[in-house]
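Grab a pencil and work through the exercises below. Try each task yourself before you read its solution.

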Amino acid sequence: MNEVSVSNLKEGVREAYSKAAEHPGEDHPFPVGRRFAESVGYPSDLLRQLPAASVGGFAGVSNLSIIAEIFEGATVLDLGCGGGLDSLISARRVGNQGQVLAVDFSPAMLKCAKQGLLESGMTNVRIFSGDAERLPIEDESVDVALANGIFNLNPERASIFSELARVVKPGGCVYVAEIILRDDLGQQVPASAANWFA
């Protein structure tokens, strides 16, 4: 894939997720919000305790922050944090001695995450604007990394894995959830910003 198409695809993803953050109740090419979060395993009672901005902006594919082994005092990277739902759940799990590093490249999603963080009153989450293939995170500083549905959205996957290898401590864990295609698409269709979510 050439640089122009990579750039176009990434901009299409940024635009689509920014629209989801700004207007979560509207129709989008992918599911968004509380009902979807419940459908992939987030407990309803937990979602009710968390800020509406972060729950409403949820657009992951799994309940990674629930099922991952996150220990008290850990440093957790929430890569592609979106509205911040996994960040806030992880922040509860790591406690006051731990921290969560939340990274996303959509300004609108980061605004949602910041609003959720403000409403939550939590002080152990740091929010960063950045690309997954060039993380603004120090080497070997992360115990647990979560990537909830970002690999299908970014064609530079090898660079993302390299960055995860750089920032995760030796012996640390990376949890990835992704949508998997089960059936052959038949005729090959070139990837474009228009069909990226189809």
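## Exercise 1: Pro24 in its loop

Pro24 sits in the loop that links helix 1 and helix 2. Helices here are DSSP runs of H or I with at least four residues, strands are runs of E with at least two, and both are numbered from the N terminus.

Before you start, two notes on the model. It is a predicted one, where local features need pLDDT of at least 70 and side-chain atom pairs count only at pLDDT 80 or more, while totals for chains, interfaces and linings use all residues. Residues are numbered from 1 along each chain as its sequence is written, and side-chain values use heavy atoms, with hydrogens and water left out.

**Task.** Find out how accessible Pro24 is and which residues it is in contact with, leaving aside neighbours within four places in sequence.

**Solution.** 
- Step 1: learn the scale. Buried means under 20% relative accessible area, exposed means over 50%, and partly exposed is in between (1.4 Å probe, protein chains only).
- Step 2: look for contacts, meaning heavy atoms within 4.5 Å. With neighbours within four places in sequence set aside, Pro24 is in contact with Val32 and Gly56.
- Step 3: Ala68 is 44 residues from Pro24 along the chain, and their C-alpha atoms are 26 Å apart.

## Exercise 2: The whole fold

**Solution.** 
- Step 1: write them in sequence order. The pattern reads α-α-α-α-α-β-α-β-α-β-β-α-β.
- Step 2: Buried residues make up 51% of the 198 residues.

## Exercise 3: The nonpolar cores

**Solution.** 
- Step 1: know what to look for. A nonpolar core is a set of buried Ala, Val, Leu, Ile, Met, Phe, Trp, Tyr and Cys residues joined through side-chain atoms within 4.5 Å.
- Step 2: find the largest one. It has 29 residues, and Tyr42, Leu50, Ile70, Val76, Leu85 and Leu146 have the most contacts inside it.
- Step 3: see who contributes. Elements supplying at least two residues each include helix 7 (107-120), strand 4 (142-148) and strand 5 (168-177). Helix 6 gives the most, with 5 residues.
- Step 4: look at helix 6 itself. Of its 10 residues, 8 are buried, so helix 6 is largely enclosed by the rest of the structure.

## Exercise 4: The cavity

**Task.** What kinds of residue line the largest cavity?

**Solution.** 
- Step 1: picture the search. On a 1 Å grid over the protein atoms alone, a cavity is a set of points where a 1.4 Å probe fits but cannot get out, and lining residues have an atom within 4 Å of a point. Points are joined across faces, edges and corners, and the volume is the space filled by probe spheres set on them.
- Step 2: count. There is 1 cavity of 30 Å³ or more, and the largest cavity holds about 430 Å³.
- Step 3: list the lining. It has 30 residues, and Gly80, Cys81, Asp104, Ile150 and Leu153 are the closest to the centre. Helix 1 gives the largest share, 3 residues.
- Step 4: sort them. Ala, Val, Leu, Ile, Met, Phe, Trp, Tyr, Cys and Pro count as nonpolar, Asp, Glu, Lys and Arg as charged, and the others, Gly among them, as polar. The lining divides into 14 nonpolar, 10 polar and 6 charged residues.

Conventions:
On a 1 Å grid over the protein atoms alone, a cavity is a set of points where a 1.4 Å probe fits but cannot get out, and a pocket is an open set with protein on both sides within 12 Å along at least five of seven lines; lining residues have an atom within 4 Å of a point.
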